[in-house]
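Hi there,

Here is the structure I promised to pass on to you. Please open it next to this email and follow along.

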Amino acid sequence: MRRLFWLLRPTSLTLALLVVCSLVVVAAPRDSGLIRYAAADDTAWTETEAVEIAQSTGESVEVESLTGEFVQVMAEPSGGFVAEVSPVPQRVETGSGWQDVDLDLVPVGDGFVKPAVSDVDVAFPVKPDDVVVRVEDDGRWLEVSWPTVLPAATIVGSTAVYAEVLPGVDLVSTASETGFSFNLVVKSAQAAANPALDAIRFGWRGAGLELEASSEASFDVVDAVSGEVVYAGSSMRMWSDVTPAGSGADLSAEAGAGSSSDAGSRVGVTVLPAELILAPDSSFLRADDTSFPVVIDPMLAKSTSYTNWLMVWSDGQKFWNNSSEHARAGFDGWEGDKVARSMYAMDTRFLDGKIVGKATFQHRQIHSPPSHCEPTSPSVPMGIYRVGGINSGQSWSNQPNWYERYATSNVQHGTDRLCPGYTNTEWNVTNGAKQAADNGWDALTLGLRSTDEGDRWGWRRFDNVAGKAPVLIVEYNTAPNTPSTPSLVNGRKSCDKWWTTSRNPTLESTVSDPDRHRVKARFYMNDRFYESGPDFVSSGSKASRKITEGLGDGAYSVYARANDGSAVSAGSSGTLSFTVDTKKPNGPEMTSSASAPRVGERIAVRIDSTSSDVESYLWGVNTDTPSNVARPDKIGWSVDPSVVVNKSGPNWISARAVDCAGNVSDLKKFEFKATLDKPSDVYRLDGTGVDSRGPDTVLPSGGPSLTVPSGTQWEQGRWAVDAFGQPQDPTDRSFVAGSTPLKTAVPFDTNQSFSVSTWVYVDQVPTGASGTGSAVGVVGDRSSAMTLGWDIDSRNPGPAKWAMVLDSDDVPLGRVGVSNPASVVQPGWTHLTGVFDAEADVARVYVNGALVAEAPMTMPPFRADTLQIGAGLSGTDPLTFNGRVDEVIIHRGPVDANTAALLATKERQ
């Protein structure tokens with residue numbers, strides 16, 4: 001849950017005289033970092049995961065992977081983050097994860113108590129003992145002792161009170177966030193007169209740690225071998241305290257909790273082997289005008305790697321990470337005649353590379369000069385500055401550099417004697433947090449000082465003890481991720497480049513944000529950027545922008561960055577280079593060496609454009625919408641597609657050139673005429689043996705004649721009567737297919753393209769489960785390479801269909817039937833044409849000049865040697881036609897649809 005910054009401090013106005021001699025010890029720098037970026041357990045959420053959960057639940061979620069002793073980061077449902085940074089530890093990493101610091105003393109055995117949750121290993125005795133405090137650090141230890149056995153302790157929260165260690169004097173030991181303190185509380189003037197207070201003697205002993213004087217008014221705990229400061233000391237002082245209330249241990253515990261007075265004096269320090277001697281200012285302690293209580297306050301404090309605080313006074317006193325001194329700033333012309341400054345080093349490593357939206361430094365002001373609680377008098381502003389690095393060895397005379405001032409505050413709380421509680425004071429330090437983020441600073445050190453250090457009305461005191469340290473609140477987000485390389489929505493990649501034919505191309509890039517903010521893309525081109533929109537898109541989506549200004553033809557380069565409304569991605573995408581080309585290429589010219597090709601012939605055509613950027617050509621035969629694609633070996637070269645002539649008479653080849661950008665040229669045509677080969681063989685089948693064109697076999701180029709067995713029957717042929725039954729050519733006869741077919745040597749190669757046409761006549765439609773009637777067949781030893789006639793497929797029994805059946809092997813196993821279920825055999829005369837196109841690997845069947853069936857042929861028919869009219873062969877089945885056959889015409893090549901129609905309608909050969 002979110003940490004609250006507004007804490008109430010109960011106070012009392014009861015006056016008493018108190019003298020406190022206190023020692024606060026706080027551990028110095030260690031190697032371990034403050035923010036432990038490794039998760040404390042396997043469920044620690046990253047920034048991205050925490051944002052996802054925050055957005056889904058609508059609640060702030062801790063970014064556990066960034067949790068540290070001084071820093072806590074919350075992911076907000078809006079997608080940003082809020083970090084809270086303290087100069088004193090707020091959490092401790094334990095075996096069960098991060099836990100809030102809990103300074104309440106709890107028993108640990110052997111008669112000692114320790115803070116419940118603390119990073120400092122400090123213990124106080126509960127039972128009578130001479131040990132005042134014991135501290136351990138990395139196997140080293142140090143004990144401070146009292147000359148006599150202490151009484152049993154009274155535990156009050158984080159404090160152990162040992163009553164009457166001297167008459168009227170209590171010893172108060174307190175655990176703090178940064179270490180510990182032990183104070184002598186002198187409770188009356190009579191007690192102050194005790195000569196033992198002239199030189200207060202403590203003993204000390206240790207292993208690996210020892211005491212060492214750092215000045216006349218302070219000392220440190222150092223490593224016994226290296227001399228490294230482990231617990232750094234503040235200037236020890238004494239002052240009058242007028243705020244404690246209550247009695248007994250409660251009064252002593254509250255008195256030792258912190259200094260609220262600016263009047264007082266110093267405490268001398270002497271460190272001897274095994275002995276620590278504190279010398280309070282007896283003239284202040286025993287003065288006639290001294291009001292009891294008076295506080296004597298020696299102090300030590302812990303140093304850390306990045307986060308610390310330091311207060312320096314112009315009289316030479318300094319206070320390092322002091323857990324019992326309130327912070328002060330300004331000119332104290334009221335009681336002490338000194339100038340004070342306070343400085344805070346705040347861990348900012350988590351901001352490295354982040355985008356800061358707002359940062360405020362908050363401190364609880366508990367005192368200002370006006371004597372009433374609603375100040376109206378003019379105020380001397382309190383400024384906050386950027387300060388150089390701080391350390392425990394600095395003082396007024398060697399304080400760090402002071403740089404720019406970030407902000408001022410005129411807030412006045414009023415005097416603490418009349419005005420209880422505090423007034424929250426804020427400074428806007430956004431610029432400082434941005435500097436830390438942009439420059440990767442480990443810490444941002446902020447300093448408080450009056451804008452007029454000669455005016456006592458600028459004096460301020462801030463609550464800085466007992467867990468009430470200031471806090472730096474930073475609102476930030478992470479810059480969007482680097483987007484993907486832009487792409488052209490209406491472009492194409494060709495010729496190893498990106499092209500577009502549009503002067504207003506649309507650019508697109510995938511954008512994302514680790515905080516799951518909605519994002520836009522910025523496309524940088526032509527020394528400016530074009531932002532997608534108008535709306536932001538979800539993280540991980542594509543963002544696009546249409547360039548509406550109109551680009552001229554030429555080359556362009558564009559890259560992208562992402563923008564979430566408050567930050568732009570640090571990295572840029574890859575660069576997209578593209579060319580705008582809106583000009584059509586020149587139309588292609590076409591040439592061919594075949595001046596008068598034959599139907600079915602494959603010819604070469606050269607297609608070439610004079611444009612140098614042509615990457616392909618679209619071409620087609622006898623169509624104005626060419627769709628075949630031919631690509632040259634190199635850009636701008638010609639192509640030579642192979643074209644099969646598929647019809648006789650006028651033909652044309654159409655083509656368009658396509659350039660790299662996709663521009664298409666005007667249509668160009670190449671026209672030519674194709675001739676149909678005259679029939680290579682015509683068998684009129686008139687039965688006379690002789691007619692005006694010779695015998696039954698007309699062989700323009702010579703060839704075998706039909707063998708006509710004796711007893712062959714002849715009847716009226718296709719042209720004996722006309723369509724109305726009137727005599728037309730009484731001499732026309734047709735072959736009556738029966739038991740013995742007409743035969744001759746095959747006049748063509750069945751492996752190559754061929755066409756066979758004939759007229760056939762049936763009296764009735766054949767039916768059955770299966771069967772084939774071959775009007776014309778080309779047979780081998782055991783099977784027909786081709787039969788043209790009717791066929792009944794066993795998979796679709798019923799009336800016979802006109803068909804051509806092809807077989808790729810001389811066994812009746814690889815037959816392919818080419819037919820159409822709708823082409824049912826009808827009684828009377830019918831014209832059939834069967835075509836095998838070896839170039840196209842396809843077979844076609846025409847009935848009465850119309851194409852009725854087409855089928856692919858992955859293998860050509862086998863090479864057969866005998867042409868039979870009236871029968872075929874399938875094993876022992878002769879495939880007898882049982883009808884009449886007239887005028888068989890053979891072409892050595894595929895006839896086109898026009899020729900097939902012509903054969904079915906023209907007069908007899």
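Below are some notes on a helix, a sheet and a single residue.

This is a predicted model, in which local features need pLDDT of at least 70 and side-chain atom pairs count only at pLDDT 80 or more, while totals for chains, interfaces and linings use all residues. Residues are numbered from 1 along each chain as its sequence is written, and side-chain values use heavy atoms, with hydrogens and water left out.

Let's start with helix H1, residues 47-57. Helices (H or I, at least four residues) and strands (E, at least two) are DSSP runs, numbered from the N terminus. Just after H1, Gly 58 has a positive phi of about 75°.

Next, the open sheet: its three strands are ordered E43-E44-E47, with antiparallel pairing. Two strands pair if DSSP finds at least two bridges between them. Strands E43 (589-592) and E47 (642-644) each have a single partner strand, so one side of each lacks a neighbour in the sheet. Three bridges join E44 (residues 602-608) to E47, and Ile 603 has Val 643 in E47 as its bridge partner.

Finally, Asp 104 lies in strand E7 (residues 102-109) and is partly exposed, at 42% relative accessible area.

Happy exploring!

Methods. Buried < 20%, exposed > 50% of the residue type's maximum accessible area, 1.4 Å probe, protein only.
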